[in-house]
Amino acid sequence: MTGTKDRILAAGAELFRQGGYSGTGVKQIVEKAGAPFGSLYHFFPGGKEQLGEEVVRTSGMAYIQLFDLFIAPAPDLLTGIETFFAAGVTTLLETDYVEGCPIATVALEVATTNEPLRKATADVFTAWIEAGTEKFAPFGLPRDAARTLTISLINSLEGAFVLARSMRSIEPMAVAGASVADTARRLLAELGVDGIRG
């Protein structure tokens, strides 16, 4: 059975994805987790800020696995990118445009107002960039090109979630995926490689 702390973290992640950090109260979190109110402060003595930081870090490490799921097993670079963005479309449709990325949602809110949370989001994005760089390299990309492509993917994906949720349309995700695929094609052409897993 899932422990109380894990349930609180999972509830926090879900509510932050849907309503943001500022729009989510601690009472909502413990109710969603089915936990006594005092348990939040037992596990997170720093209150909502400490919980927010831990949610960002644990969720961020979970999301990093998307590179293992969609990029690492792909037979070629473009297929991996297409699969990655197709999964974004699926998430939007299956959640009726409610769920996005809790990291980006929190980052937008706290970048200039809460240094511990800003640092947590920066650490997660840095880890994503490093992971993506490692997963793109086997397709024939040198490290600097793999890093550029990873940043392009993350920028496009996060921006697409914002627009798609606001517009209630998958069009931004489709356009973002096509744009990243174009970036990949350009890099492959410049480097003279085929983008097939080596």
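**Helix α9 and the chain around it**

Biologist: Is S156 buried or exposed in this model?

Modeller: The model is predicted. A residue counts as buried when its relative accessible area is under 20%. S156 has a relative accessible area of 17%, so S156 is buried.

Biologist: Which residues is S156 in contact with, leaving aside its neighbours within four places in sequence?

Modeller: S156 lies in helix α9, which covers residues 143-167. The side chain of S156 has a polar atom 2.9 Å from the backbone oxygen of S152. With neighbours within four places in sequence set aside, the contacts of S156 are F85, A176 and V180.

Biologist: M167 also lies in helix α9. What is its relative accessible area?

Modeller: M167 belongs to a nonpolar patch on the surface, together with L108, V162 and L163. Helix α9 gives the largest share of that patch, three residues. M167 is partly exposed because its relative accessible area is 47%.

Biologist: How many helices and strands are there in the protein chain?

Modeller: Read along the sequence, the pattern is α-α-α-α-α-α-α-α-α-α. The count is therefore ten helices and zero strands.

Biologist: What is the radius of gyration of the protein chain?

Modeller: The C-alpha atoms fill a box of roughly 60 × 35 × 30 Å along the principal axes. For 198 residues the globule rule gives 16 Å, and the chain's value is close to that, so the chain is as compact as a globular protein of that length. The radius of gyration is 18 Å.

Conventions
Residues are numbered from 1 along each chain as its sequence is written. This is a predicted model: local features need pLDDT of at least 70, side-chain atom pairs count only at pLDDT 80 or more; totals for chains, interfaces and linings use all residues. Side-chain values use heavy atoms; hydrogens and water are left out. Helices (H or I, at least four residues) and strands (E, at least two) are DSSP runs, numbered from the N terminus. Buried means under 20% relative accessible area, exposed over 50%, partly exposed in between (1.4 Å probe, protein chains only). A polar contact is a pair of N or O atoms within 3.5 Å; within protein, one must be able to donate a hydrogen and the other to accept it, and residues adjacent in sequence count only if both atoms are side-chain atoms. Contact means heavy atoms within 4.5 Å. Patches are made of residues with over 30% relative accessible area and no salt bridge: like charges are joined within 9 Å, nonpolar side chains (Val, Leu, Ile, Met, Phe, Trp, Tyr) within 5 Å. Accessible areas come from the Shrake-Rupley method with a 1.4 Å probe; for residues, only the protein chains shown count as cover. A salt bridge is a side-chain nitrogen of Lys or Arg within 4 Å of a carboxyl oxygen of Asp or Glu. The radius of gyration is taken over C-alpha atoms; the globule rule is 2.2 Å times the number of residues to the power 0.38.
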